[in-house]
Amino acid sequence: MKKIILLGYMGCGKSTIAKTLSKNIGIPFVDLDEYIEKKTNLSINAIFDKHGEVYFRKLEHESFKELLSSADRFIIGLGGGTPCYANNHELLIGEDVLSVYLKASIETLFDRLSANKSKRPLIANKSDVEMKEFIAMHLFERSFYYNKAQYAVIVDDKTIDQVVLDIVAILA
Ligand SMILES: Nc1ncnc2c1ncn2[C@@H]1O[C@H](COP(=O)(O)OP(=O)(O)O)[C@@H](O)[C@H]1O
Ligand SMILES: O=C(O)C1=C[C@@H](OP(=O)(O)O)[C@@H](O)[C@H](O)C1
Ligand SMILES: [Mg+2]
């Protein structure tokens with residue numbers, strides 16, 4: 001049974017779409033960040049604060065592999081950085097997965113993230129001007145990894161339900 005993997009930059013909608021897609025197609029979902037938070041009993045912010053990003057990336061890699069090794073079918077909403085570390089991008093193209101890049105423009109990401117940055121340690125302390133520059137540079141660096149996904153869905157100007165329908169069409 002193929003696992004459905006949603007990936008893309010912070011704010012593209014992975015966690016939201018995973019949850020709504022799950023309801024729509026009746027397959028459970030796991031949000032990788034939530035899985036890590038439950039496993040460690042720490043928030044993502046606390047993991048970055050106490051142990052640093054390198055430790056988080058190790059946990060993220062181990063947790064992603066753990067989820068992939070399970071026999072069950074489910075949807076996995078990755079963290080924005082997951083495909084970009086520890087060769088995790090190689091896990092996006094296996095026969096037992098269906099990976100979808102939720103592709104958003106810098107403007108869409110900026111609009112969504114400026115209202116939702118406190119739980120995201122990489123951007124939590126940035127001003128609007130710094131954040132726009134950061135997103136532009138970071139998205140450019142990360143696109144190489146995101147483009148390893150088997151499918152891409154553009155999310156700009158689409159409602160959550162429209163994005164879910166685009167993914168359902170890929171699954172059909
Ligand atoms: N298609 C969409 N249209 C409008 N807002 C969206 C859409 N998808 C997600 N959002 C909003 O964008 C923000 C970031 O979504 P989230 O699912 O946390 O992204 P990610 O997990 O990729 O970082 C949330 O406030 C969410 O409600
Ligand atoms: O892009 C990243 O490196 C990160 C994205 C976050 O997930 P979301 O993409 O769900 O915000 C979370 O994993 C952590 O803050 C690091
Ligand atoms: Mg998320």
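Helix 1 gives three residues to the shell around ligand 1, the most of any contributor. In this predicted model, that shell holds 15 residues, and G13, K14, S15, T16 and R112 come nearest to the ligand. Two elements give two or more residues to the shell: helix 1, spanning 14-25, and helix 7, spanning 160-171. By residue class, the shell around ligand 1 divides into seven polar, five nonpolar and three charged residues.

The confidence values apply to everything that follows. The protein has an average pLDDT of 97, and 99% of its residues score at least 70. For the complex, the predictor gives a pTM of 0.98 and an ipTM of 0.99. Where pLDDT is low, predicted coordinates should not be read in detail.

Several of the residues around ligand 1 also carry an annotation. An unreviewed UniProt entry places the feature "binding site" at G11, C12, G13, K14, S15, T16 and R120. G13, one of the residues that come nearest to ligand 1, sits in the loop between strand 1 and helix 1. G13 counts as buried because 23 other C-beta atoms lie within 10 Å, and a residue needs 20 or more to qualify. Setting aside residues up to four places away in sequence, G13 touches L102, V155, I160 and V163. Of these contacts, I160 and V163 fall within the range of helix 7, 160-171.

S15 is likewise among the residues that come nearest to ligand 1, and S15 lies in helix 1. S15 has 18 other C-beta atoms within 10 Å and is therefore partly exposed. Apart from neighbours within four places in sequence, S15 is in contact with D31 and G77.

Ligand 2 is surrounded by M10, K14, S15, D33, I44, G79, G80, G81, R120, P121 and L122. The shell around ligand 2 is made up of four nonpolar, four polar and three charged residues.

R120 counts as partly exposed because it has 18 C-beta neighbours inside 10 Å. D33 is buried, because 23 C-beta neighbours lie inside 10 Å.

The unreviewed entry places the feature "binding site" at D33, R57, G80 and R142. R142 is located in helix 6. With 18 other C-beta atoms within 10 Å, R142 is partly exposed. Its contacts, leaving aside neighbours within four places in sequence, are Y9 and C84.

Away from the ligands, the next topic is the nonpolar interior. In soluble globular proteins, nonpolar side chains tend to be buried together. Here the largest nonpolar core contains 34 residues, of which I5, L6, L7, V100 and L102 touch the most other members. Two or more residues come from each of strand 1 (3-7), helix 1, helix 2 (32-40), strand 3 (75-77), strand 4 (97-103), helix 5 (106-114), helix 6 (128-146) and helix 7. Strand 1 supplies the largest share of this core, four residues.

Not counting residues up to four places away in sequence, L6 touches K14, I17, A18, I75, G77, L78, V100 and L102.

N88 is buried because it has 22 C-beta neighbours inside 10 Å. Leaving aside neighbours within four places in sequence, N88 is in contact with H61, F64, T82 and P83. N88 and S22 are 66 residues apart along the chain, and their C-alpha atoms are separated by 23 Å.

Conventions. Residues numbered from 1 in each chain as written. Chains lettered and ligands numbered in written order. Predicted model: local features only at pLDDT ≥ 70, side-chain atom pairs only at ≥ 80, totals over all residues. Near = placed C-beta within 6 Å. Nonpolar A, V, L, I, M, F, W, Y, C, P; charged D, E, K, R; others polar. Core = buried A, V, L, I, M, F, W, Y, C linked by C-beta atoms within 7 Å. Buried ≥ 20, exposed ≤ 12 C-beta atoms within 10 Å, placed from the backbone. Contact = placed C-beta atoms within 7 Å. pLDDT = per-residue confidence, 0-100. UniProt positions renumbered as here; feature names shortened; annotations may be inferred.
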